Amino acid sequence: MNLSFDDFRKTLSDEEKEVLDKILSDESRKKRIVLENNVLDDNNHLEIVNFCANFFSPGQPIAERTGYSLALLEPMYPLNVKNFDLGLFRKENSSLILVECKSSISDYRELVSDLGRSISEATNRKDELERVLGNRIADPIEFAICVPALDAPEVYNEIVRTNKPICVWAASLWERKMKIFGNKEDTKTEIESGRLHRDGNLNSVLGTGVEPKLNFLRTISILPSSHMCTLLVHVSVLIYQKTKESRISGEFQYSDVLNILMKELQTMTGLSTEDFERSATNIFNTALKKDIFKDLTEDTEELTRKIFQISGRRTNSNVVRKEVGETYVAHNAREKALMESIARYEKERGITHVTSWMSDQNNKK
Amino acid sequence: MKIPFQEYTFASFVNKILEMDFPIQARLKVACFFTQFDRWGTNSTFSLWALFNSRGFHIDQMGDIHVLSKLYFDTALRQKKMATFYAYLNSESRLLLLFTDEKSEAIDQTVEEMAETTSGIYCMFTGPRTLQDIRSKIVESYPSSVCFYFTAKHFSQFARKGETRPHIERTIVYYGDDALKALEEMQQYYGVSPRIMRYRIPDVGNYEIKSTGCFTLLKTEDPIPAKQLLLRLVDWTSVLVLRSRQIIERSDFILIPLKTEEKMFEIPKLIPWTVKFSKALDYSDAESLVESMVSEGYTLFNYVMPKGSFRLNGMVLDEKKGNVFTIDVDSNRMIIAPKDKISFDAFLRFFATIVENFDPQATVEEFV
């Protein structure tokens, strides 16, 4: 039976408690760094998604010249698959390009292999995707991965090696340029293999390299699968402003969060009201668990009728932004560090459980 | 200043102002505000009339002129006093002119305070570049004119640093007939940027021009031409500032429908405007820029500011006017786009924030 951290701590002498507390503090610090980096990665991801999406937003030169328009955010999300960030649709021939954006890559092989699985999923569930889009989709669906220009050669090589039908869009974020990466000598094979687009116009525009006009402006503020911390900061800052204007001492309800999510995402996703309700509930569960929101009506059962407040200092929106972000990271870091601290303590102290062979066996399986 | 109660056209009101004798201590001021409205619109809930009314102003009408009154706290008398403004709204430029002889603090506590926090109105912000253009215009029209006073500020976040202790925040108030030369020197040595300028125009009068778009006739021995010049100063300045407003007003947020066979999506179309910086920025300026924004009630959230050369982008909440927009900044310019329908005055305040707190020589540019 696993003891909770507090229960375990109670069993120790004062001296040993001190050792465990030191371990906890060290583990929390490590987890904190990991979490902060995750949140940073999420914002970097949002940046490259917008960089890519802005080429295809209404009125932009590529959208006008090729007919491909930004249509869907995370097109597979309504099918409970979190692959692909953007769906670009060309109405004239019902052609769809699913685009995955990566701001950094740690393992090229793993990335391409994951993409391969996502491609199979998208291809196999094309009829469901058609329902999301509300339109027939021409065969085959095309795929693209937008990666930092430095990573493009390695990603491309891996795609060629594994023969995956993916176009590589190389984004130079500092120079603000995007270019399709591939073998320009043998375009016929490249098109047949899915590494160049079938639309010659799109190939030629992307082939010469394009400069965005809108750069990294956030046409897309959040994604359905954005990091919980990104969502909480976004929602809290907007709620703070809204409740400040209405002068009701920062009180808000479930519907306020739901409305923010729907306003940001409804017009560009195939998500249903139930999907949004699930996301809103998820946000509330996390925010309450981590003391980011305060429940002012504990006697009321129904979530939709409850009244909440943002916890902590609410001097201004910048304070709210900081506090929400920091509370999320601190709370999560401690939570994740608790159990690992016990394990590390036991390891460092050379403690072996009578039943430890069981978990060793399980790990080997 | 008490204008006889009767129906006025703008022309007859100006004539009345010109011919009236003001008490010796009274200083005629024209405080200028850009608004979103081309009429007062008494019946509408979102109108200039409703705006003033909701902020506790008492409103009387005298034809084209509206009389606005509101209490303020007179710090010298240590008591509340009633401030009165004679307001004219130009339906074409949507410029609101407030004629008054009230103290500056009366304007600050009433209309200025409202313009900082309300959507639909903002002061006719006159940055250092425009102040310089007016200076040239005055010198050109009145070669014997003398700038004899200025106040100027320096903030540690300024992108262009002065040569002397650039980390020190400072305000310089200067009296002297060499004020123009002194301002140049102090810009170079102390990095200050002007907020208030005063000119003496021989045989006409002494004038004060504030960056908030408030013009004062300080002193005159020949009131009629002096008052006429006061109005001309307003006119010159409004033409210069109107250009920025027009560019800002072209920015927009539109949802473009995308119809598939069975569904309808709406894709945001961002139409931005830009702020061009007066010097190429580097990474160390990024934090100063964020600080400048935060100090004026803006919150940058879910943003990216990687180390290296200048790259900063994300979402911005304007806490004072209650708007959300998005920015993308590189070393030369900032692109700004609304994330909803935003009244131009919110962006005018944002531009004023950048100019007054970060880059005094920045300009509003068309997005290309």
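Chains are lettered from A and ligands numbered from 1 in the order in which they are written, and residues are numbered from 1 along each chain as its sequence is written. In this predicted model, local features need pLDDT of at least 70 and side-chain atom pairs count only at pLDDT 80 or more, while totals for chains, interfaces and linings use all residues.

**Stop 1: chain A**

Select chain A. Its C-alpha atoms fill a box of roughly 75 × 55 × 40 Å along the principal axes. Chain A has 13 helices and 9 strands; helices (H or I, at least four residues) and strands (E, at least two) are DSSP runs, numbered from the N terminus. Of its 365 residues, 41% count as buried, meaning that 20 or more other C-beta atoms, placed from the backbone, lie within 10 Å of the residue's own.

Now colour chain A by domain: domain 1 covers 5-41 + 221-347 and domain 2 covers 58-208. These bounds come from an automatic or database domain assignment. The C-alpha centres of the two domains of chain A lie 34 Å apart.

**Stop 2: where chain A meets chain B**

Show both chains. Chain A and chain B each bring 34 residues to their contact. On chain A, α2 (14-55), β1 (68-73), α9 (228-246) and α12 (317-348) each supply at least two residues. Which element of chain A gives the largest share? The element is α9(A), with 6 residues. This side of chain A divides into 12 nonpolar, 17 polar and 5 charged residues. Here Ala, Val, Leu, Ile, Met, Phe, Trp, Tyr, Cys and Pro count as nonpolar, Asp, Glu, Lys and Arg as charged, and the others, Gly among them, as polar.

**Stop 3: the domains of chain B**

Chain B is divided into domain 1 (10-122), domain 2 (128-248) and domain 3 (252-365). The C-alpha centres of domain 1 and domain 2 of chain B lie 23 Å apart, and 15 residues of domain 1 are in contact with 16 residues of domain 2. On the domain 1 side, α1, β1 (29-35), β5 (95-100) and α3 (104-117) of chain B each supply at least two residues. The largest share of that side, 5 residues, comes from β1(B).

**Stop 4: two helices of chain B**

Select residues 10-19 and 223-249 of chain B, which are helices α1 and α6. Their axes come within 8 Å and cross at roughly 135°; axes are lines fitted to C-alpha atoms, for helices over the stretch in contact, and angles run from 0 to 180 degrees between N-to-C directions. α1(B) and α6(B) are therefore oblique to each other; angles under 35 degrees count as roughly parallel, over 145 as roughly antiparallel, 65 to 115 as roughly perpendicular and the rest as oblique. B:Val14, B:Ile17 and B:Leu18 of α1(B) make the contact with B:Ile224, B:Lys227, B:Gln228 and B:Leu231 of α6(B).

**Stop 5: a sheet in chain B**

Keep α6(B) shown: this helix lies across β14 (273-276) and β19 of chain B, at about 45° to β19(B). Both strands belong to an open sheet of 6 strands with antiparallel pairing, in the order β15-β16-β17-β18-β14-β19 (chain B). Two strands pair if DSSP finds at least two bridges between them. The edge strands are β15 (298-304) and β19 (363-365) of chain B.

Finish with β16 (residues 312-318) and β17 (residues 323-329) of chain B, which 7 bridges join. B:Asn313 has B:Asp328 of β17(B) as its bridge partner.

Terms used:
Contact = placed C-beta atoms within 7 Å. Buried ≥ 20, exposed ≤ 12 C-beta atoms within 10 Å, placed from the backbone.
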